Amino acid sequence: MLKNMNENKVSVKQDYIKGGTQKDFYNESERESWDCPYCKSDSSIILDTDRGLSVVRCNKCELIYTNPRAKDSEHNYFGDVDVFENEARLIFKNQKPHHRDRNYIYELKKIKKIKPSGKMLDVGSNMGFFMRKAREFGYDVEGVEPSPSLAKLSREKWGLIIHNAFLESANLEEKSFDIITLIDVFEHVTNPKEMLDACNKLLKDDGIIVIKVPNGDYNHFKMKLGKITGMGYSMDIWDCYEHVVHYTPKTFNNMISSCNYKIQKFIIPLPIHTPIWADLVGHYYLHTSPFILDWKRITLRNIFYYIGKMERVFCKKIRFGPDLMFVIKKKHIV
Ligand SMILES: [Zn+2]
């Protein structure tokens with residue numbers, strides 16, 4: 001036992017592997033430039049740089065996006081199936097919760113109030129962690145996951161129905177879903193308008209789409225704070241190796257309005273407490289770090305979350321809510 005623990009500790013400290021193909025630095029041949037994915041303007045200002053990539057804000061529409069971005073960032077999760085399986089082994093055995101389970105339950109409770117039942121499509125379903133909870137809430141769930149490794153694990157470990165494809169090429173029946181969810185997914189999407197159009201075809205006329213994204217205004221605020229305090233580059237604020245667009249309430253509304261949707265409900269979801277103790281326990285996904293080990297960040301996130309909830313009522317800009325969750329519906333539906 002002790003030997004195993006020591007082995008884990010050593011291997012994790014040397015090179016912790018998350019299973020994906022993300023890198024610490026992207027050189028010129030590994031990055032690509034693109035125009036603003038909302039208005040197609042090529043004029044922008046740089047807000048931040050990280051890992052050889054830049055976070056910019058469009059001068060025309062204010063959309064914050066990663067440019068240049070990592071080439072083929074959509075394939076980040078096409079990693080090795082054994083690494084993914086090992087990483088989440090105790091969750092698959094139902095011995096440990098996922099560290100985001102409390103977030104998923106909170107989000108599903110919100111969805112349940114709006115659509116208590118029906119056919120749900122989870123886009124970018126990863127290893128099926130959100131879907132397994134949605135199934136417990138009584139939804140008839142299907143997932144779309146482009147990564148062969150993640151799709152395989154979701155089917156084998158949870159018995160879920162997974163379409164192993166990008167949404168646009170998944171060949172699903174039109175107007176067949178009551179709910180489409182993109183939980184922590186839309187910020188990875190390099191063709192957001194095409195994705196929203198594809199969802200529109202699959203959604204029933206009275207259906208809803210639930211999209212949860214990190215808050216660009218919050219990250220921008222955190223970036224400024226990080227630069228003042230000198231802690232900025234240790235915080236990995238933008239996750240720009242995989243997050244290609246950093247939506248704010250304003251730019252999100254612009255994006256979905258242009259694709260014939262309107263916002264039905266806007267929620268500040270619970271903050272995600274990312275585990276920091278991988279080097280102690282030998283795995284990353286399994287449950288949140290104990291409060292005592294990460295009390296400063298957990299406390300700060302919770303404070304920001306409550307301020308964000310107040311901002312949602314009183315302000316246009318949400319600087320403190322770490323994440324944004326939108327329930328949207330087709331525009332022509334009253
Ligand atoms: Zn733009």
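Pro-68 is placed in the loop between E4 and strand E5 (69–70); helices (H or I, at least four residues) and strands (E, at least two) are DSSP runs, numbered from the N terminus. The structure is a predicted model, in which local features need pLDDT of at least 70, side-chain atom pairs count only at pLDDT 80 or more, and totals for chains, interfaces and linings use all residues. Residues are numbered from 1 along each chain as its sequence is written.

**Surroundings of Pro-68**

Pro-68 is partly exposed, with 17 other C-beta atoms within 10 Å. By the definition applied, a residue is buried if 20 or more other C-beta atoms lie within 10 Å of its own, exposed if 12 or fewer, and partly exposed in between, with C-beta atoms placed from the backbone. When its neighbours within four places in sequence are left aside, Pro-68 is in contact with Arg-31, Glu-32, Ser-33, Leu-53 and Ser-54; contact requires that the C-beta atoms of two residues, placed from the backbone, lie within 7 Å. Pro-68 and Tyr-26 are 42 residues apart in sequence, and their C-alpha atoms are 9.8 Å apart in space.

**The sheet of 4 strands**

Strand E4 belongs to an open sheet of 4 strands in the order E2-E3-E4-E11, with antiparallel pairing. Two strands pair if DSSP finds at least two bridges between them. The edges are formed by strand E2 (44–50) and strand E11 (245–246), each of which pairs on one side only. Helix H8 (residues 216–229) lies across E2, E4 and E11 and runs at about 65 degrees to E2; axes are lines fitted to C-alpha atoms, for helices over the stretch in contact, and angles run from 0 to 180 degrees between N-to-C directions.

**The sheet of 7 strands**

A further open sheet, of 7 strands, has the order E8-E7-E6-E9-E10-E13-E12 and mixed pairing. Strand E8 (162–163) and strand E12 (261–267) stand at its edges with a single partner strand each, so one side of each has no neighbour in the sheet. Strand E13 (residues 323–330) is largely enclosed by the rest of the structure, because 6 of its 8 residues are buried. In E13, Pro-214 has Asp-323 as its bridge partner, and Phe-326 stands opposite Phe-266. In E7, Leu-121 has Glu-142 as its bridge partner.

| Strand pair | Bridges | Direction |
|---|---|---|
| E4 and E11 | 2 bridges | antiparallel |
| E6 and E7 | 5 bridges | parallel |
| E10 and E13 | 6 bridges | antiparallel |
| E12 and E13 | 6 bridges | antiparallel |
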